Amino acid sequence: MDVADFSFDLPAESIAQRPAPRGTARLMTLERGTGAVAHRSVADLPGLLRDGDVLVLNDTKVIPARLFGEDDAGHRTEFLLVARSPEARHVWDCLARPGRRVKPGRRFAFGLGLAATVLSLPGSGRYLLAFEGADLDEVLPRLGSAPLPPYIHRPEGRADERDRDDYQTVFAREPGAVAAPTAGLHLTEELLAAIRGRGVTLAPLTLHVGIGTFKPVKVDRVEEHVMDPESGVIPDATAEAVNRARSEGGRVVAVGTTSVRTLEASASRNGGRVLAGPFSTDLFLVPGSKFRVVDAMLTNFHLPRSTLLMLLCAFAGTANVLAAYREAVEHGYRFFSYGDAMFVS
C-alpha cells in the first residue's frame, strides 16, 4: 500500500492557528456505508448519539513539555520532554532543537534553579537528560509551555497563555501526554451534560499521547512504517461499559483516534473484548485492519499521509474519506489540531 494514496491538496490557510470557541466548531458527518456527508455544528453532537451508547473519552492531560535552556556559552536550545526514564524519575528522554548543541556532558540552565546535564544520545534524534536542582515536576508549570505541533505558529515558537487552556480538554485528569487528544478539545461541560441527558454513558480511559502518534511517515510503503509505543490504562468501569454495550446492542463511540487505538488494541489481544488494566500499544490501523469494538468516532481533520488519516480511512474507506476531505476544503473547514471535527458512523 503506497503512502501517496493518502495524499490530498490542502491550502495553508486551511490550517487552524486558533480554535473556534469551545463547542462551536463546524462538524461534518460521514456515513461509512454510503459516503454521504452533511454539514453541522459540534453543538449538534448530543443529537447524533442514542440512549445506550457509550462515549469513550481519553482523559490524558498534556504536560507543559516544551522547555528552553541555555548552555554555558549562552546559546538557547529548545527541549521537548518525551518520556521519563523508568529507572530514574529525574532522567528524561527528550527531543532538542538545534540538536547540534546537545552533546554528552553539556549542561543547560532553565531558570528557577532547574538545570540538566546531557547523559547520552540514544539515537533517532533523541537525547537523555538528567535534571538537577529544583524539582522538575514542581517548576515545570511555570517554566514549560504547551507542546504545540509545528504547524501552529507562535512568536519564538512558544505557546501562549491562551494555548495553556485551549490545548487541554475539559476532562483531562491524568498528566503524561506531550500532545493533546484533539477531538476532545471540542467538548464542553455543557455538551457532556447534554450527552449524559440522552442516556449515554461517558467512559474515560487514558492513553498518554506521545510524539509517535504524529511522527511523519517517511517511507513510501505503509507497511514499512513503525509506530512508537504509547502507554495507558483502561479502568474497570470503562471495560465493563464497553463490553456491555457490545452485548446489548449499544454503540461504542470513540472520541478521537487515541481512544480508537486503545479500545481496538485491547480487543485485538482479548478475543474482541476490552480488558481493564495498564497497557502499552504500537497498534497501526490501516485499510484492511479489522475493527472489533468501535462503531462511530468523533475526530478532527488530519494531515495528508499521516497515520491518523490512515486510521480514519481504515474505519470509513479511503475513497469516502478523501472525498469528504475534498468537500471539507471546498467548504472552508479548518484542519488539524485546532480545526473543525468529523463524526463518522
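Contact is taken here as heavy atoms within 4.5 Å. The structure is a predicted model, in which local features need pLDDT of at least 70 and side-chain atom pairs count only at pLDDT 80 or more, while totals for chains, interfaces and linings use all residues. Residues are numbered from 1 along each chain as its sequence is written, and side-chain values use heavy atoms, with hydrogens and water left out.

Helices (H or I, at least four residues) and strands (E, at least two) are DSSP runs, numbered from the N terminus. Two strands are regarded as paired if DSSP finds at least two bridges between them. On this basis, nine strands make up an open sheet of mixed pairing, in the order E2-E1-E17-E16-E14-E3-E12-E13-E15. Its edges are strand E2 (37–41) and strand E15 (277–281), each of which pairs on one side only. Strand E1 (residues 26–30) runs antiparallel to E2 and is joined to it by five bridges; leucine 27 stands opposite arginine 40 in E2.

Helix H7 (residues 307–316) is largely enclosed by the rest of the structure, because ten of its ten residues are buried (buried, under 20% relative accessible area; exposed, over 50%; partly exposed, in between; 1.4 Å probe, protein chains only). The cover over the buried residues of H7 includes E1, helix H6 (257–269), strand E16 (296–300), helix H8 (318–330) and strand E17 (341–344). Glycine 317, with a positive phi near 95 degrees, follows H7.

A nonpolar core is defined as a set of buried Ala, Val, Leu, Ile, Met, Phe, Trp, Tyr and Cys residues joined through side-chain atoms within 4.5 Å. The largest such core has 66 residues, and those with the most contacts inside it are Tyr167, Leu263, Tyr325 and Met342. H7 supplies the largest share of this core, eight residues. A second, separate core of 23 residues includes Ala116, Phe131, Val139 and Leu143.

Salt bridges (a side-chain nitrogen of Lys or Arg within 4 Å of a carboxyl oxygen of Asp or Glu) number 18. One of them joins glutamate 78 and arginine 97, at 2.8 Å from N to O. This pair links strand E6 (residues 76–84) with strand E7 (residues 91–97), the two residues being 19 residues apart. Glutamate 78 is buried, at 11% relative accessibility, whereas arginine 97 is exposed, at 53%. Arginine 89 forms a salt bridge with aspartate 135, with the closest N and O atoms 3.6 Å apart, and another with aspartate 137, at 2.4 Å. Arg18, Arg154, Asp160 and Asp163 are linked in a network of salt bridges.
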